[in-house]
Amino acid sequence: MLRMLVQGLVSAVGLWLAAYLIPGVEFTDTGSLVLAVVLLAVANAVVRPILTLLTLP
């Protein structure tokens with residue numbers, strides 16, 4: 001659980017930095033940033049086990 005929270009925090013900081021540094025990447029409010037982080041966390045939770053299973057020798 002702690003690992004997921006840390007990953008979410010790192011993702012939020014990364015997305016915020018991307019919005020700050022890269023023109024064209026914008027978040028209208030904090031809610032949209034949080035929603036993007038949640039979607040990334042769900043995608044990570046679903047895709048990682050599938051890729052791990054597919055890449056077993």
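Mentor: Keep in mind that this is a predicted model. We can begin with Thr-30, which is found in helix H2, residues 30–54.

Trainee: Why is Thr-30 called exposed?

Mentor: Thr-30 has a relative accessibility of 58%, and the label exposed is given over 50%, so Thr-30 counts as exposed. As for its place relative to Gly-8, which is 22 residues away along the chain, the two C-alpha atoms are separated by 14 Å.

Trainee: How do you know that the length of H2 is close to what is expected of a helix with its number of residues?

Mentor: H2 has 25 residues, and from its first C-alpha to its last it reaches 36 Å, which is close to the 36 Å expected at 1.5 Å a residue.

Trainee: Which residues of H2 are buried, and what covers the buried residues of that helix?

Mentor: Leu-33, Ala-36 and Val-37 are buried in H2, a label that requires under 20% relative accessible area. The cover over the buried residues of H2 includes helix H1, residues 2–21. From the side of H1, where Leu-15 has its place, the contacts of Leu-15 include Leu-33, Ala-36 and Val-37, and Phe-27 and Leu-40 are also touched, when residues up to four places away in sequence are not counted. By contrast, the C-alpha atoms of Leu-15 and Thr-52, 37 residues apart along the chain, are separated by 25 Å.

Trainee: What makes Trp-16 and Tyr-20 a stacked pair?

Mentor: The structure holds 1 aromatic pair. The ring centres of Trp-16 and Tyr-20 lie 5.7 Å apart and the planes are at 15 degrees, so the pair is stacked; the cut-offs behind that conclusion are centres within 6.5 Å and planes under 30 degrees apart. Both residues lie in helix H1, 4 residues apart, which is about one turn of the helix.

Trainee: Why do Trp-16 and Tyr-20 receive separate accessibility labels?

Mentor: Trp-16, at 49% relative accessibility, counts as partly exposed, whereas Tyr-20, at 62%, counts as exposed, because the boundary for exposed is set at over 50%.

Trainee: What is the volume of the largest pocket, and which element gives the most to its lining?

Mentor: The largest pocket has a volume of about 200 Å³. Of its 13 lining residues, Met-4, Gln-7, Ala-41, Asn-44 and Ala-45 are the closest to the centre. H1 and H2 are the elements that give two or more residues to this lining, and H2 gives the most, with 7 residues. By type, the lining divides into 7 nonpolar, 4 polar and 2 charged residues.

Note on methods
Residues are numbered from 1 along each chain as its sequence is written. This is a predicted model: local features need pLDDT of at least 70, side-chain atom pairs count only at pLDDT 80 or more; totals for chains, interfaces and linings use all residues. Side-chain values use heavy atoms; hydrogens and water are left out. Buried means under 20% relative accessible area, exposed over 50%, partly exposed in between (1.4 Å probe, protein chains only). The expected span of a helix is 1.5 Å times one less than its number of residues. Contact means heavy atoms within 4.5 Å. On a 1 Å grid over the protein atoms alone, a cavity is a set of points where a 1.4 Å probe fits but cannot get out, and a pocket is an open set with protein on both sides within 12 Å along at least five of seven lines; lining residues have an atom within 4 Å of a point. Grid points are joined across faces, edges and corners, and a volume is the space filled by probe spheres set on the points. Ala, Val, Leu, Ile, Met, Phe, Trp, Tyr, Cys and Pro count as nonpolar, Asp, Glu, Lys and Arg as charged, and the others, Gly among them, as polar. Rings of Phe, Tyr and Trp (its six-membered ring) pair if their centres lie within 6.5 Å; planes under 30 degrees apart count as stacked, over 60 as edge-to-face and the rest as tilted.
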